[in-house]
Amino acid sequence: MNTCSNSILFVAVLFLLPACCKNDSTKCTCAERVLRLSSTTSVDNTGLLDVIIPPFEKRTGIKVHVLAVGTGKAIKLAENGDVDAIFVHDRLAEEAFVAAGYGLHRMQVMHNNFVVTGPADDPAGARGHDAVTAFSKIAAAKAVFISRGDDSGTNKAELRLWKAAGIDPKGDQAKNAWYLESGQGQRMTLNMADEKKAYCFLDRATFMSAEDQVSSKIIVEGDKRLYNPYSFTAVNQAKHPQARYLEAMAFGAWLTSAECQKMIAEFKIKGRQLFYPDVFEKK
Amino acid sequence: MILEGIREAIRLLTSFDPEAWGPVGVSVTVALSSTLIASLLALPFGLLVGLGRFRGKRALVIVLNTLLALPTVLVGLVIYALLTRRGPLGSWDMLYTPAAMVVGQVILAFPIVAAFCAAAVERSDPRVRQTVLGLGAGRLRAALVVAAENRAALVAAVAAGFGRVFAEVGISMMVGGNIHGYTRNITTGIAFETGKGEFALGVALGIVLLTVALAVNLAVGFWQSRAGSQS
Amino acid sequence: MSGPFLKFEDVQVVRGGVTVLDVAALSAPAGELTLITGENGAGKTSLMLAAGGLLDLARGRISLFGESFHEGRAPAPKRLRRRIAFVFQDPYLFGGSVRSNLTYGLKIRGTDRSTRRELADKMLAGLGIAELAGRPANDLSGGERKLVALARALVLEPKVLYLDELTASLDDEARVKVLELIGAQIAERGTSVLMATHLEGEAEGLATKEIKLRGGRLAEG
């Protein structure tokens, strides 16, 4: 019993030690430097970060801790000073973030596109139209539509389209019983939409990775308004002096470097490219 | 899908894939640490409550039993509020580390271990304490003898605490952050992988969780029957 | 005739809202055997527990050898309690061997290992149960358990001995032996003994005083 509890204590101390180690970037005495990045679930789920982060870690010795939480929360964490940088896809929110003094050096890194998906037989007749018209048709037909409803970048983009169509799907629950909110990530929401033979709004990358497991099809794509840019912003030390600004800017430099941009362009799932780099355009 | 998941699970586990075993390591280390710390605090506390006679004892027992139902997300939320930069303990820089997970899990496990311990002691033979006191022991020694004579029940209390923290996800997610290779454990891993549609890995992790829980309970049961046959 | 070793002044014990003991005055002479008699439930055990400093006193004061011993919350201080040894009704024995039961009390008093064993074995021999030394304590018959519990108390060489229903459930041979041993303790070591029993005519030759209890109070006559 004694040796058992001793070894547990040893393991516990060993484990807790590095975690409690202070990570002040200006006078670090610990084994590793850390960068805390909040990002979106949609990027994290594709696995892109697992490809572009390790070369950075190897080159600089800075360990990147990614908190994949959804754009709204990602930005909130940065405002609270709990992370050092954000990598999200909600341009309006990012600009407000910078304007309020929380962020510095916003840089657009890459983009992809959203699509509207739905049942193959397209009961609302939305196919072939632009995004806003498609949404109007869906609302008019009261066809079931499942939204993420979680304040994520994807969700906000979707809501902007409803607004452009002059529709408020969240107001007046009784009238809009066809509009459902899952409160979940893209994949789960797509699965739900598939089960219910409903329409859905998500980014092409996620749909492509799920394509052969669902019966939904792409109904609308290619509209300019479906453009989905991802940008990196560092947290401003003026607001949060302990923010690891140097590490953040190093990562930002990496993201916008030719090498990383090439890796982004070459990142494929099932032979299809998911993201398009924006600093060095590859045609 | 479950079958395919099980097949994939066996493959991931036997090939020592770090995607599967990394989170297992985090779960085990964090849960063991929290259970150890919580027990060191909760067992003496439970003994005190179980053996003591003081005003407010009944109220304290009711509070302890109520805390058994603490939702993990609530604990996670409170710890987050304390550890966030803007919070009172922000300068500790503990958020999104395994240490923060341990803190939350200690809070979760404490009432379980304490309540079970107090109940076991209260249920136990009062003659033990009486006998030991009657032989001239002090109160502290008498409490320790009661604990030793009831060690099977106390071990069960600790095992219950472990089971609860090992399987929780609310705290791990909120204050651990599910950071790949750092704070991602079995439960946040399951949530994450299933959210991505990677059911096989989710199932794999679930199998490991159940296997560890089973192993712990088997070990406890085995030890209890051995200890039981001696006294 | 020496003075009293035990004195109760205005003592009241309440358990679970019920007054189980209410004794205005009581004393027991030192170096002698005092019987506490009464039916089951009369308060004999409560009296002994209180006299041992193991029950909260709702009121009153208990003195031991003229010194203030117990007032209010139990347990009374360890230093004072160590002069007393208990043998309870249906005694609880620790899980190890018979010998380890005996050495426990000596161990907590700081006696060294070899001396402990020696004293324990000697005491068991004195009671005629030397062969039980290595046996698991909880493997014994009811009578044997009582003897072990008595040995466990006596090996501490207490100044005061409290015996609760000691001779009940003992066969005649054991009863005689036990009473002999207690008589010897009193004669040779001047031990003060309180013995609670519901049996009529128990320890008649040995006892010099009888305290009768009924309903938690001293009974007249």
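In which handedness of crossing does α4(B) pass α5(B)? The crossing of α4(B) past α5(B) is right-handed, where a crossing is called left-handed if the near helix is turned anticlockwise from the far one by less than a right angle, and right-handed if clockwise.

## About the model

This is a predicted model, in which local features need pLDDT of at least 70 and side-chain atom pairs count only at pLDDT 80 or more, while totals for chains, interfaces and linings use all residues. Residues are numbered from 1 along each chain as its sequence is written, and chains are lettered from A and ligands numbered from 1 in the order in which they are written.

## How the chains meet

Among the 2 pairs of chains in contact, chains A and B share the most contacts, where two residues are in contact if their C-beta atoms, placed from the backbone, lie within 7 Å. Chain A and chain C, by comparison, do not touch, and their nearest C-alpha atoms are 18 Å apart.

The contact between chains B and C takes 15 residues from chain B and 15 residues from chain C. On the side of chain B that touches chain C, the elements giving two or more residues are α6 (126–134) and α7 (139–149) of chain B, and α6(B) provides the largest share, 6 residues. Elements are DSSP runs numbered from the N terminus, with helices (H or I) of at least four residues and strands (E) of at least two. By class, this side of chain B has 4 nonpolar, 7 polar and 4 charged residues; Ala, Val, Leu, Ile, Met, Phe, Trp, Tyr, Cys and Pro count as nonpolar, Asp, Glu, Lys and Arg as charged, and the others, Gly among them, as polar.

## Chain B and its helix pair

Chain B has 11 helices and 0 strands, and its C-alpha atoms fill a box of roughly 65 × 50 × 25 Å, taken along the principal axes.

Two packed helices are described by the angle between their axes and the distance between the axes. For helix α4 (residues 72–83) and helix α5 (residues 98–123) of chain B, the angle is about 135° and the axes are 10 Å apart; axes are lines fitted to C-alpha atoms, for helices over the stretch in contact, and angles run from 0 to 180 degrees between N-to-C directions. The helices α4(B) and α5(B) are therefore oblique to each other, given that angles under 35 degrees count as roughly parallel, over 145 as roughly antiparallel, 65 to 115 as roughly perpendicular and the rest as oblique. The residues that make the contact are T72(B), V75(B), G76(B), I79(B) and L83(B) on α4(B), together with A100(B), V103(B), G104(B), I107(B) and L108(B) on α5(B). By class, this contact has 7 nonpolar, 3 polar and no charged residues.

## Chain C and its two sheets

The secondary structure of chain C comes to 6 helices and 10 strands. Its radius of gyration is 17 Å, close to the 17 Å that the globule rule gives for 221 residues, so chain C is as compact as a globular protein of that length; the radius is taken over C-alpha atoms, and the rule is 2.2 Å times the number of residues to the power 0.38. The C-alpha atoms of chain C fill a box of roughly 45 × 40 × 35 Å along the principal axes.

One open sheet of chain C has 4 strands in the order β2-β1-β4-β5, with antiparallel pairing, where two strands pair if DSSP finds at least two bridges between them. Because β2 (18–29) and β5 (67–70) of chain C stand at the edges with a single partner strand each, one side of each is left without a neighbour in the sheet. The twist averages 30° from one strand to the next. Strand β1 (residues 4–15) of chain C is joined to β2(C) by 10 bridges, and V11(C) stands opposite V23(C) in β2(C).

The other open sheet described here has 6 strands in the order β6-β7-β8-β3-β9-β10 of chain C, with mixed pairing, and its edge strands are β6 (84–87) and β10 (217–218) of chain C. Within this sheet, 5 bridges join strand β3 (residues 33–37) to strand β9 (residues 207–214) of chain C, which run parallel, and T34(C) has K209(C) as its bridge partner in β9(C). Helix α5 (residues 142–154) of chain C packs on the sheet and touches β6 and β7 of chain C.

## Local backbone features

Most residues other than glycine have a negative phi, and most peptide bonds are trans. The peptide bond from A74(C) to P75(C) is cis, with omega near -10°, and P75(C) is found in the loop between β5 and α2 (78–81) of chain C. K270(A), although not a glycine, has a positive phi of about 50°.
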